[in-house]
Amino acid sequence: MSIRVVLVDPNHPGNIGAVARAMKNMGLNELHLVRPKAFPHAEATARASGADDVLDAARVHEEFDDAIADCGFVVGTSARKRHLSFDLVEPRECGQLVAEAAQVGNVAIVFGSEKYGLLNVELSRCQRLVTIPTAGDYASLNLAMAVQVIAYEIMLATRAGAPAPPPPDVPFATAREMELFYEHFERVLEEIDFRDRTGGGHLMARIRRLFNRARLDQNEMNILRGVLTAVQSRRRTAGKTVSS
């Protein structure tokens, strides 16, 4: 079982340390950092309060896609309402989904920068979006507080003695495999001259949301890639027939 916390563009080293502490409290130890402003840093070590092992093992990436490439289930976090439709879950349901997916592959819980949160391009890589309910209209949580809440629910769902959800029959397609699928899909659309009629150029964004909701497994991914390849092959054959 591999469950990682991914921080995208964290601005304050103290928050990184506090996140490491929150993770270790709940039994998580895989921390991935995307473009941290300052790391390693003495303030991160001080705020970790004994979770130095989590900091020492943290992996740093320049690109977000590299941090989630081998993950079959990616959950984004946000307190903001989005105009795009996402499958929203609360922390308790998130914990159950993570417990299920982690039985067959790597899972990533993604948190955005302290100031802006996750961008839509990052959320487009996520199968689910989790929000933490708060009282009233003030929904702003410190980064480490948000990690603590989500990590707590994951701990409850995965600890010894917890009711185990049935494992998926087949591992989910990884984030890297999904990106290759989307690139393939877009190439085929161009080859068959399929025009974007969504208005505003959001066709691929909608296609991403469609398949992210479906949470494709490896077998389903292979079927779809095979269909796309067959379409390309038939088009090339038809082109040769017409030209001859």
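This is a predicted model: local features need pLDDT of at least 70, side-chain atom pairs count only at pLDDT 80 or more; totals for chains, interfaces and linings use all residues.
**View 1. The whole protein at a glance.**
Let us start with the overall picture. The protein contains ten helices and seven strands, and its C-alpha atoms fill a box of roughly 75 × 40 × 35 Å along the principal axes. Of its 244 residues, 45% count as buried. Among contacts in the protein with a separation of 6 or more, 85% are between residues 24 or more positions apart. The protein exposes about 12,900 Å², and carbon and sulfur atoms supply 52% of that area. Its side chains include 29 positive and 30 negative ones, and the centres of these two sets lie 5 Å apart.

**View 2. Strand S6 and its partners.**
Here we look at strand S6, which covers residues 106-111. Five of the six residues of S6 are buried, so the strand is largely enclosed by the rest of the structure. S6 pairs with S1 in the parallel sense over six bridges; to find this pairing, look for Leu7, whose bridge partner in S6 is Phe111. S4 also runs parallel to S6, and five bridges join the two.

**View 3. Phe111 and the nonpolar cores.**
Stay with Phe111 for a moment and look around it. Leaving out residues up to four places away in sequence, Phe111 touches Val5, Val6, Leu7, Val8, Thr77, Leu118, Leu143, Ala146, Val147 and Ile150. The largest nonpolar core has 39 residues, and Phe111 is listed with Leu7, Val19 and Leu31 as those with the most contacts inside it. Helix H7 gives the most to this core, with seven residues. Another core, of 16 residues, lies apart from it and includes Val8, Val74, Phe86 and Leu118. In soluble globular proteins, nonpolar side chains tend to be buried together.

**View 4. The buried residues of helix H5.**
Helix H5 spans residues 91-101, and its buried residues are Pro91, Cys94, Gly95, Leu97, Val98, Ala99 and Ala101. What do these buried residues pack against? Their surroundings include the strands S1 (2-8), S4 (71-77), S5 (88-89), S6 and S7 (128-130), as well as helix H7 (143-158).

**View 5. Tyr116, out in a loop.**
Tyr116 is found in the loop between strand S6 and helix H6, the latter made of residues 120-123. Is Tyr116 buried or exposed? Tyr116 is exposed, because its relative accessible area is 53% and the cut-off for exposed is over 50%. Asn11 is 105 residues from Tyr116 in sequence, yet the two are 11 Å apart in space, C-alpha to C-alpha.

Thr174 sits in the loop between H7 and helix H8 (175-191). Thr174 counts as buried because its relative accessibility is 17%, and buried means under 20%. Setting aside neighbours within four places in sequence, Thr174 is in contact with Ala69, Asp70, Cys71, Gly72 and Gln218.

**View 6. Asn212 within helix H9.**
For the last stop, turn to helix H9 (residues 203-214), where Asn212 is found. Asn212 is buried, with a relative accessible area of 5%. Which residues does Asn212 touch, not counting residues up to four places away in sequence? They are Ser124, Arg125, Cys126, Gln127, Arg128, Met178 and Tyr182.

Note on methods. Residues are numbered from 1 along each chain as its sequence is written. Side-chain values use heavy atoms; hydrogens and water are left out. Helices (H or I, at least four residues) and strands (E, at least two) are DSSP runs, numbered from the N terminus. Buried means under 20% relative accessible area, exposed over 50%, partly exposed in between (1.4 Å probe, protein chains only). Contact means heavy atoms within 4.5 Å. Accessible areas come from the Shrake-Rupley method with a 1.4 Å probe; for residues, only the protein chains shown count as cover. Lys and Arg count as positive and Asp and Glu as negative; His and the chain ends are not counted. The place of a charge is taken as NZ of Lys, CZ of Arg, CG of Asp or CD of Glu. A nonpolar core is a set of buried Ala, Val, Leu, Ile, Met, Phe, Trp, Tyr and Cys residues joined through side-chain atoms within 4.5 Å. Two strands pair if DSSP finds at least two bridges between them.
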